[in-house]
Amino acid sequence: MKRTTVADVAKLAGVSAMTVSNVLNAPHRVAPPTVQTVRAAIEELGYIPNHAARALSSGRSQVIGLPLYFEDEENPGLGGFLHGLLGGLVKAAALSGYGVHVATPVEDATEIALYEKLIAARQVDAIVVLETMPHDERIGFLSRRRFPFVAFGRTGPTQRQCWVDVDNETSMAGIAQHLRSTGRERAVYLATDSSLPWVHQRQAGFVREFPSTVVRSFGTLEAVAAYVEEAPAPDVFVADNDAFAVVAMRSLQRRGVAVGEDVAVTGFNDFPFASMLDTPLTTARIPLRDIATCLFDRALQEIAGEPDAPGRLVTAPLVVRSSA
């Protein structure tokens, strides 16, 4: 059987072979609609780039490193979140002949120690850093080493802006606008008690569009349940994550309150269970596959040594269901 070639992909996509090559190696140089067309042709034809030949000619591993932790068993949505992100990254990388090396630090070792090991062994061409924080020491380390990286979460103002992040403010503002359009006037915002940047970004976006909001912060699911079971019911409980939203819904139902009719409830993330509840949850869906594609495309830009460019914000679209 004849092997599919770049020329075959170019013919199906209606572009030049050079354009196909750019989509594979430097998609940021190509217009997004053309990138989508070429990638669709690659998938349809089942084209597989010659990984070994490209690695030999470029001196690169053709692999992206993704350090992951799998220890947070208390988070009911973490598995689905990681699965969606990893699946999207693997797919995006495969279309360009790259692989994804998933690694986790051994017991008592730091993530930076893992970076050192990956870099010393030349196992990866770039590293994806997850959940970045202000003054993140991981970003500082990779910057000092001048090793290509891309961050899921914003980097500091003095660092390379090679990041992709959820536009939490705009996305949560969209939830507020939807609630106001349905006549809801009294909102209680259930916030995560944390210094994580996304917590404050989401709260700021909602309060900006819904100024009369009462904000309450919680450190545990039990604390959310206790509050909702005792507090006077507003028009809507707005949670900054789906887990808080589900707990609020169950607490209201125990009080005999009709969720979605008497009191609305919204979340954020769209974890897999959100659509399978007795009253399906209205929430913002983090587009993990789109984010993963953006992360990989920016990683290629860093590997190629391109000039720094602004980070990219991705909006989480609102998914309206019967809870609000």
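**Pockets, cores and salt bridges in a predicted model**

Helix α12 supplies the largest share of the lining of the second largest pocket, with seven residues. The model described here is predicted. This second largest pocket has a volume of about 740 Å³. Its lining is made up of 27 residues. The closest to the pocket centre are R39, T293, C294, D297 and R312. Two or more lining residues come from each of α3 (32–45), α5 (78–95), β5, α12 and β11.

The largest nonpolar core has 45 residues. Within this core, F206 and I291 have the most contacts. Nine of the core residues come from α12, which is the largest share. A second, separate core has 22 residues, among them F218, V224, A248 and A274. In soluble globular proteins, nonpolar side chains tend to be buried together. The surroundings of F206 can be listed in detail. Leaving aside residues up to four places away in sequence, F206 touches M172, A173, I175, A176 and L179, and also A187, Y189, T213 and V238.

Charged side chains were examined next. Side chains of opposite charge can pair when their charged atoms come close. A search of the whole structure finds 16 salt bridges. Three of these pairs are described here.

The side chains of R160 and D308 form a salt bridge, with a distance of 4.0 Å from N to O. This pair links distant parts of the chain, 148 residues apart. R160 sits in the loop between β4 (149–152) and β5 (163–166), while D308 sits in the loop between α12 (288–303) and β11 (312–314). R160 has a relative accessibility of 30%, so it counts as partly exposed. D308 is also partly exposed, because its relative accessible area is 39%.

A second salt bridge joins E169 and R208, whose closest N and O atoms are 3.3 Å apart. E169 belongs to helix α8 (residues 168–181) and R208 to helix α9 (residues 197–209), so the bridge ties together parts that are 39 residues apart in sequence. E169 is partly exposed, at 32% relative accessibility. R208 is partly exposed as well, with a relative accessible area of 47%.

D235 lies in the loop between α10 (221–230) and β8 (236–239), and R186 lies in the loop between α8 and β6 (187–192). The pair therefore ties together parts that are 49 residues apart in sequence. D235 is buried, because its relative accessible area is 16% and the cut-off for buried is under 20%. R186 is partly exposed, with a relative accessible area of 47%. Some bridges share partners, and through them R160, R298, E302 and D308 are joined into one network.

Helix α6 (residues 111–120) shows how burial can follow one side of a helix. Its buried residues are E111, I112, L114, Y115, L118 and I119. These residues cover an arc of only 150° around the axis, so they lie on the same side of α6. An α-helix has 3.6 residues a turn, so residues three or four places apart point the same way. The buried residues of α6 pack against β1 (63–67), β2 (99–103), β3 (126–130) and α7 (137–145). The face turned away from this buried side carries the exposed residues K117 and A120.

Backbone angles were considered last. Most residues other than glycine have a negative phi, and most peptide bonds are trans. Just after α6, R122 takes a positive phi of about 55°. E131 is not a glycine, yet has a positive phi of about 50°. E131 is placed in the loop between β3 and α7. At 67% relative accessibility, E131 counts as exposed. N269, also a residue other than glycine, has a positive phi near 135°. The loop between β9 (264–266) and β10 (283–284) holds N269. N269 is buried, with a relative accessible area of 13%.

Notes. Residues are numbered from 1 along each chain as its sequence is written. This is a predicted model: local features need pLDDT of at least 70, side-chain atom pairs count only at pLDDT 80 or more; totals for chains, interfaces and linings use all residues. Side-chain values use heavy atoms; hydrogens and water are left out. Helices (H or I, at least four residues) and strands (E, at least two) are DSSP runs, numbered from the N terminus. Buried means under 20% relative accessible area, exposed over 50%, partly exposed in between (1.4 Å probe, protein chains only). A nonpolar core is a set of buried Ala, Val, Leu, Ile, Met, Phe, Trp, Tyr and Cys residues joined through side-chain atoms within 4.5 Å. Contact means heavy atoms within 4.5 Å. The arc is that of the directions from the helix axis to the C-beta atoms. On a 1 Å grid over the protein atoms alone, a cavity is a set of points where a 1.4 Å probe fits but cannot get out, and a pocket is an open set with protein on both sides within 12 Å along at least five of seven lines; lining residues have an atom within 4 Å of a point. Grid points are joined across faces, edges and corners, and a volume is the space filled by probe spheres set on the points.
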